[in-house]
Amino acid sequence: MAKRRQPKPALLVRVLTEIGKGRITETFIPDKRSMIHGELDGRHIKVNPAWAVVDTVVHEALHRLEPEWQENYVRRTTTWLLRRMSDEQVEQLYETYNEIAKRRRRG
């Protein structure tokens, strides 16, 4: 017997309930090949915000530097740059971003 697909709202409730259980931490997950955004370790979720934030910061900085570039070109260039950054560079840029953002929130 085929398993019935759950309606999407019910699935969202299940996902939100699972997130509410906790066991989630933020940590840098180095892996140059695939730019990991998160992983499951047993029942523990590890979230790596560095890749998403660094991707966004580099992307928007390119827009600011080269406003005439098309969106697709900026996306490709962002990916090209990120793949050439070491894990240490990504982590440092993420920490720099956090310091800048923290100062802006205080001020």
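Guide: A salt bridge is a side-chain nitrogen of Lys or Arg within 4 Å of a carboxyl oxygen of Asp or Glu, and with that in hand we can turn to this structure, which is a predicted model.

Visitor: How many salt bridges does a search of the whole structure find?

Guide: The search finds six salt bridges. One of them links E71 with R75, where the closest N and O atoms are 3.6 Å apart.

Visitor: Where do E71 and R75 lie?

Guide: Both belong to helix α3, which covers residues 71–84, and they are four residues apart, or about one turn of the helix. E71 has a relative accessibility of 31% and so counts as partly exposed, and R75, at 46%, counts as partly exposed too.

Visitor: What should I know about phi before looking at R23?

Guide: The general idea is that most residues other than glycine have a negative phi. In this model, R23 has a phi near 55°, which is a positive value in a residue other than glycine. R23 sits in the loop between α1 (8–20) and β1 (24–26), and its relative accessible area of 39% makes it partly exposed.

Visitor: How are two packed helices described?

Guide: They are described by the angle between their axes and the distance between the axes. Here the case to read is helix α2 (residues 49–65) with helix α4 (residues 87–106), whose axes come within 9 Å and cross at roughly 75°. Angles of 65 to 115 degrees count as roughly perpendicular, and α2 and α4 are therefore roughly perpendicular to each other.

Visitor: Which residues make the contact between α2 and α4?

Guide: From α2 the contact takes P49, A50, W51, V53, V54, V57 and V58, and from α4 it takes D87, V90, L93, Y94 and Y97.

Terms used
Residues numbered from 1 in each chain as written. Predicted model: local features only at pLDDT ≥ 70, side-chain atom pairs only at ≥ 80, totals over all residues. Heavy atoms only, no water. Axes fitted to C-alpha atoms, helices over the stretch in contact; angles between N-to-C directions. Helix = DSSP H or I, 4+ residues; strand = E, 2+ residues; numbered from the N terminus. Parallel < 35°, antiparallel > 145°, perpendicular 65-115°, else oblique. Contact = heavy atoms within 4.5 Å. Buried < 20%, exposed > 50% of the residue type's maximum accessible area, 1.4 Å probe, protein only.
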